[in-house]
Amino acid sequence: MRKHKDSGRATPTESVDLEAENRRLRAELTEAKRANEMLRRASAFFAAELDRPSK
């Protein structure tokens, strides 16, 4: 809100670069999905290791 008031624009959407925000959020989502997939695979790997009989 403060940013909008300082910008002097008529509407809040004018004071925010929505395309840049969308790009940033999409990149963040892609990174979160990649990390989630990596954690899912690591979890499956370690779960399989626990199921194996020890020597």
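1. Glutamate 37 belongs to helix 3 and is partly exposed, with a relative accessible area of 29%. For the exposure classes, buried means under 20% relative accessible area, exposed over 50%, and partly exposed in between (1.4 Å probe, protein chains only).

2. A word on the basis of these values. This is a predicted model, in which local features need pLDDT of at least 70 and side-chain atom pairs count only at pLDDT 80 or more, while totals for chains, interfaces and linings use all residues. Residues are numbered from 1 along each chain as its sequence is written, and side-chain values use heavy atoms, with hydrogens and water left out.

3. On confidence, the chain averages a pLDDT (the predictor's confidence in each residue, from 0 to 100) of 85, and 82% of the residues score at least 70. Among the elements of the chain, the highest mean pLDDT, 95, belongs to helix 3 (residues 18-51), and the lowest, 61, to helix 2 (residues 12-15). Helices are DSSP runs (H or I, at least four residues), numbered from the N terminus.

4. Now to the charged pairs. Six salt bridges are counted, each being a side-chain nitrogen of Lys or Arg within 4 Å of a carboxyl oxygen of Asp or Glu. One of them pairs the side chains of arginine 52 and glutamate 49 at 2.8 Å, N to O. Arginine 52 is exposed, at 53% relative accessible area, whereas glutamate 49 is partly exposed at 33%. Elsewhere, salt bridges with shared partners join Glu21, Arg24 and Glu28 into one network.

5. Glutamate 21 bridges to arginine 24, with the closest N and O atoms 2.9 Å apart; both residues lie in helix 3, three residues apart, about one turn of the helix. Arginine 24 also forms a salt bridge with glutamate 28, where the closest N and O atoms are 3.0 Å apart. Arginine 24 and glutamate 28 are four residues apart in helix 3, again about one turn.

6. How exposed is each member of the network? Glutamate 21 is partly exposed at 32% relative accessibility, arginine 24 is partly exposed at 42%, and glutamate 28 is partly exposed at 47%.

Conventions: Helices (H or I, at least four residues) and strands (E, at least two) are DSSP runs, numbered from the N terminus.
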